[in-house]
Structures are given as C-alpha cells and as structure tokens.
Amino acid sequence: QLWPELRVVGVDSWAPALELARGRVEAAGLGDRIQLRQQRAEALEEVAAFDLAWIPSLFVAEASLPEIVRRIERALRPGGRLLVPTLRTSPDRLATSLLRLRTAMFGGTNTTADQIESLLRLRGFIETRILPGGPTSATALVVGRRV
C-alpha cells in the first residue's frame with residue numbers, strides 16, 4: 001500500500017500457505033497487484049522480469065538452493081537484487097542449536113551467511129554482502145546484485 005506502482009509475484013509449493021496468503025491479499029485489496037502461484041522456485045521460467053527477489057532459505061531445502069539461486073539470477077533484470085535470510089550464529093550455543101533444529105524441522109537451509117554469500121558470488125552476483133542485523137535478531141540477511 002506504500003508503493004502503489006509495485007507489483008509482486010509470490011511462489012510457493014505448499015497450498016495451505018498460498019491459501020492463507022490469498023486471503024490476506026484479498027483482505028488488503030491488493031489482488032490486482034499481487035500474483036500468487038503454486039509453483040516450486042526451481043521451476044521459475046521468467047527471464048529478466050524482476051527487480052528484486054527473496055529466497056526464504058529458512059524454509060528451503062539446502063539441496064534446492066543452488067538451482068533456485070540459478071533460476072532467480074536468470075529471472076532478475078540486470079542490476080536486480082537478491083535477498084537471502086539465513087541463520088545468524090550466536091555465542092549462546094543453546095539458542096543457536098534450537099534455531100538450527102527449528103529450521104531443520106521446517107525443511108530449511110542451515111547454511112551460514114558466509115556460505116550463502118559464496119553461493120551468490122559463484123553464480124555471478126556482485127556487491128554481495130551480509131547486512132548488519134539487530135543485536136537480538138536470529139537471522140542475517142545476505143544481498144547480491146545481478147550483473
């Protein structure tokens with residue numbers, strides 16, 4: 001609602017999540033600007049279609065991540081950005097272990113921010129970096145720009 005010219009495409013393979021999202025989109029009156037598709041990110045076919053992409057890696061299997069990054073790199077316009085949240089390490093070993101367990105239970109990726117940053121660089125993303133988070137945040141955000 002802040003950016004009326006913004007258009008969003010969301011993909012998810014899990015029907016219950018899409019049903020919940022569709023209800024929220026309709027309730028907000030944004031159905032004409034937000035498209036939701038039941039689709040795996042590994043099946044993205046768009047080429048140079050998006051300016052920004054988000055991979056919710058905490059819910060994505062680690063084995064799928066390289067292919068998703070490849071598909072998104074192709075789907076981004078030149079100069080487009082990719083954001084990937086990942087678990088942040090903490091000096092509190094118990095807290096870190098519980099976060100890793102929860103992420104594993106969600107089927108997600110337990111890679112570090114450095115590993116995500118390396119994956120983005122390997123795929124040709126530039127200006128990759130780990131954005132600083134709040135002191136109590138359990139996640140870090142990795143960003144890269146498509147050439």
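Me: Buried means under 20% relative accessible area, exposed over 50%, partly exposed in between (1.4 Å probe, protein chains only). How many of the 147 residues count as buried?

Reply: 34% of them. Keep in mind that this is a predicted model, where local features need pLDDT of at least 70, side-chain atom pairs count only at pLDDT 80 or more, and totals for chains, interfaces and linings use all residues. Residues are numbered from 1 along each chain as its sequence is written, and side-chain values use heavy atoms, leaving out hydrogens and water.

Me: Why do the buried residues of α4 line one face of the helix?

Reply: Helices here are DSSP runs (H or I, at least four residues), numbered from the N terminus. In α4 (residues 113-122) the buried ones are Ala113, Ile116, Glu117, Leu119 and Leu120. Down the axis of α4 they fall within an arc of 160°, so they line one face; the arc is that of the directions from the helix axis to the C-beta atoms. Asp114 and Leu122 are exposed, on the face turned away from the buried side.

Me: What covers those buried residues of α4?

Reply: The cover includes α2 (65-75), β4 (76-87), β5 (126-131) and β6 (139-145).

Notes:
Helices (H or I, at least four residues) and strands (E, at least two) are DSSP runs, numbered from the N terminus. Contact means heavy atoms within 4.5 Å.
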